[in-house]
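Please examine the structure shown below.

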Amino acid sequence: MTEHVKRQSFKEAFIDAIPVIVGYVFVGIAFGLMLYENGFSFWWAILSSLIVYAGSLQFVLISFMATGASLLTVALTTLSVNSRHLFYGITFLDLFKRMGKLKPYMIFTLSDETYSLMAIALKKGGKDNSYYFFVSIINQSFWIIGSFLGGVMGEVIPFNTEGIDFAMTALFTVIFIEQWLSSKSKAPGIMGLVLGLGFLLIMKSSGFIMPALVAASILLLLFEKKEEKV
Amino acid sequence: MDNLSILSMLIVAGIITFLIRWFPFAVFKLGSDMGSGIRTQGKKLPFSAIAILVIYCLRNINPLVFPYGLPEAISILAVILLHLWKRNNLISIGSGTVIYMILIQQFFP
C-alpha cells in the first residue's frame, strides 16, 4: 500500500517538476561552464550545488572563488542575496513538522522553484508527504546534474564559450522583471539600480555591492518608519 | 585561492543559506512575533538586492570604448522583451545568452 502511494507520489512529483527540471539543467549547465571558464573542474560545480544549493548566490560565489573574498563578505552577500528566503518556511510550518526526520533536508532545499511547486501543491491539497520530499530531491538532483554537465562540457567539448556568463546577467534581469511586475511599489528596485550605479562609479571596484546593500537596507527601514508615522 | 579557502567559502554560504531558510521554524517555535522592520526587509530588500546584482553583472562595461556596452544593451533588451512576451524563464535566459554570445563572438569581437 505505502509502496504504491510512494510510487504514485514520485510520478506526480516528477511530472509537476518538469518545467523546473528543464530550467535547472539549462541554468546548471551555464553555471558549470562558468566555473570551468574560471579554472574550476566539474567537482567544484557538484560541490557548490550540493553544499550551497542557491542558484543566483552560486553564480555570485564564482567570482569570489576565483579572485578571493573574506568569509565575512561571503556571509553578508549570502544574507542579502538570499534574504528573500527568510519567509518561505512560514507556508510549510505544519507540513515539515509532520515529515519528521526529513525536516532538515526540506528546509535546506527550499529554493525559489521548490517553494513555488510545493506551495501550489499544498494549496490544492490531497498529496502524500512523500510527494513534497520527491519534489525537493528531484529538483536538487537535476540542479546538480546540470552543474556537472556544464563542468564536463567545458572539459570535453572545445567550443567557444565566451559570453556564456551572460546567463547570470539574464537570470538576474528576469528575476528583476518578475519583482517589478509583482511589486506595488517600484521604489526598492529603482533605489537598488541608482545606489548600485552610484557606488560603482564612486568606488570603481566590485566591492561596491556591500555598501550599496547596506545603504538600501537603511533607506528601506527609514521609509518604513515614515510610513508608520503617517 | 587554495582549495581549503574556497571550500570554507562554500560551507559558510551553505550554512547561512540554511539558517535563512530555517528562520521561520525557529521563530514560530518560540512563539514570538517578528518585528515589522524584519518583515519589510524580507519583502523589499530582495528587489533592491537583485537590482544591485544586475549592476554588478554589468560592472566591466566601458561606455567610452568600443563596443560601448552595445552587446549587453541589445541582449538585455532582448531578455526584457522576450520575458514580457512569453514570461518563460528558460526562453528569456537561453535566448538572451545565445544572442550575447553571437554578438561578442561574431559582431563585436
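B:R87 and A:E178 form a salt bridge, with their closest N and O atoms 2.9 Å apart; the term denotes a side-chain nitrogen of Lys or Arg within 4 Å of a carboxyl oxygen of Asp or Glu. Across the interface of chain A and chain B, the rule finds one salt bridge. The model is predicted, so that local features need pLDDT of at least 70 and side-chain atom pairs count only at pLDDT 80 or more, while totals for chains, interfaces and linings use all residues; side-chain values use heavy atoms, with hydrogens and water left out. Residues are numbered from 1 along each chain as its sequence is written, and chains are lettered from A and ligands numbered from 1 in the order in which they are written.

The contact (heavy atoms within 4.5 Å) takes 91 residues from chain A and 64 residues from chain B. Together the two chains bury about 7,000 Å², of which 79% is on carbon and sulfur atoms; buried area is the accessible area (1.4 Å probe) that two parts lose on being put together, summed over both.

Helix 1 of chain A has a kink of about 55° at A:I18, shortly before the proline A:P19. The bend at a residue is the angle between axes fitted to the seven residues ending there and the seven starting there, and helices are DSSP runs (H or I, at least four residues) numbered from the N terminus. After helix 1 of chain A comes A:G39, with a positive phi near 90°.

The largest pocket holds about 1,200 Å³ of space. A pocket is an open set of points on a 1 Å grid over the protein atoms alone where a 1.4 Å probe fits, with protein on both sides within 12 Å along at least five of seven lines, and lining residues have an atom within 4 Å of a point. Its lining has 41 residues, and A:Y88, A:D112, A:E113, A:S116 and B:N89 are the closest to its centre. Helix 9 of chain A supplies the largest share of this lining, six residues.

The second largest pocket has a volume of about 680 Å³. Of its 32 lining residues, A:D165, B:C57, B:R59, B:N60 and B:Y100 are the closest to the centre. Here helix 3 of chain A gives the most, with five residues.

Key
Points joined across faces, edges and corners; volume = space filled by probe spheres on them. Helix = DSSP H or I, 4+ residues; strand = E, 2+ residues; numbered from the N terminus.
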